[in-house]
Amino acid sequence: MENHDAVDAITDQWAVVRPDLDTLPMAVFGRIYRLANAMRAKVDKAYAPYGGMSLGEFDVLATLRRSGEPYTLSPRELTATLMITTGGMTGRLDKLERAGLLTRNPDPNDRRGLRVTLTDEGRALVDQAVGAGLAQQRAALEAALSPQEARQLADLLRKLLATTV
């Protein structure tokens, strides 16, 4: 095969020892996992110049930014959106607050609650970082796919994700 990759090597090995198996799902998801890991590393490097921000920290800032003015959510809303534990969220919020990128204040409508708000510095930083991350992702797509193929892939992945989650 012309473009034989590591996933092909794995499925080829299975075909020898278990020819009864249909390894197409392994071929699809193995590539998705490997691609996600490779892109995570590239995007992490793209975010590094912006205060050493990790992908997880970027996700917090980006979620606040996407929420629109006044760029404020509760920790519970952030945790639900990002699908991480409350402990993981607390660590991220602590680091980002120390860096001056967000603030935590009492919720005026719930004396037990908090509101997390993106600072002006955090907004400027995430606006720069999102462009850097997208540039890495765009470069990966353009190196392998036409714009039409990229749209088709996005549509196919959306279809698959809708039936999986």
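**Close-up views: pockets and a hairpin**

**View 1. The largest pocket has a volume of about 1500 Å³.** Welcome to a predicted model, in which local features need pLDDT of at least 70, side-chain atom pairs count only at pLDDT 80 or more, and totals for chains, interfaces and linings use all residues. Residues are numbered from 1 along each chain as its sequence is written, and side-chain values use heavy atoms, without hydrogens and water. A pocket is an open set of points on a 1 Å grid over the protein atoms alone, where a 1.4 Å probe fits, with protein on both sides within 12 Å along at least five of seven lines; lining residues have an atom within 4 Å of a point. Volume is the space filled by probe spheres set on the points, joined across faces, edges and corners.

**View 2. Helix H2 (24-47) gives the most to the lining of the largest pocket, with 12 residues.** Helices are DSSP runs of H or I with at least four residues, and strands are E runs of at least two, numbered from the N terminus. Of the 35 lining residues, Ile 32, Leu 35, Ala 36, Met 39 and Leu 157 lie nearest the centre of the largest pocket.

**View 3. The second largest pocket has a volume of about 290 Å³.** Among its 14 lining residues, Ser 74, Pro 75, Arg 76, Gly 113 and Leu 114 lie nearest its centre. H4, helix H5 (86-98), E2 and E3 each give two or more residues to this lining.

**View 4. Strands E2 (residues 102-107) and E3 (residues 110-118) run antiparallel, joined by 6 bridges.** Pairing takes at least two DSSP bridges. The two strands form a hairpin with 2 residues between them, and Thr 103 stands opposite Thr 117 in E3.
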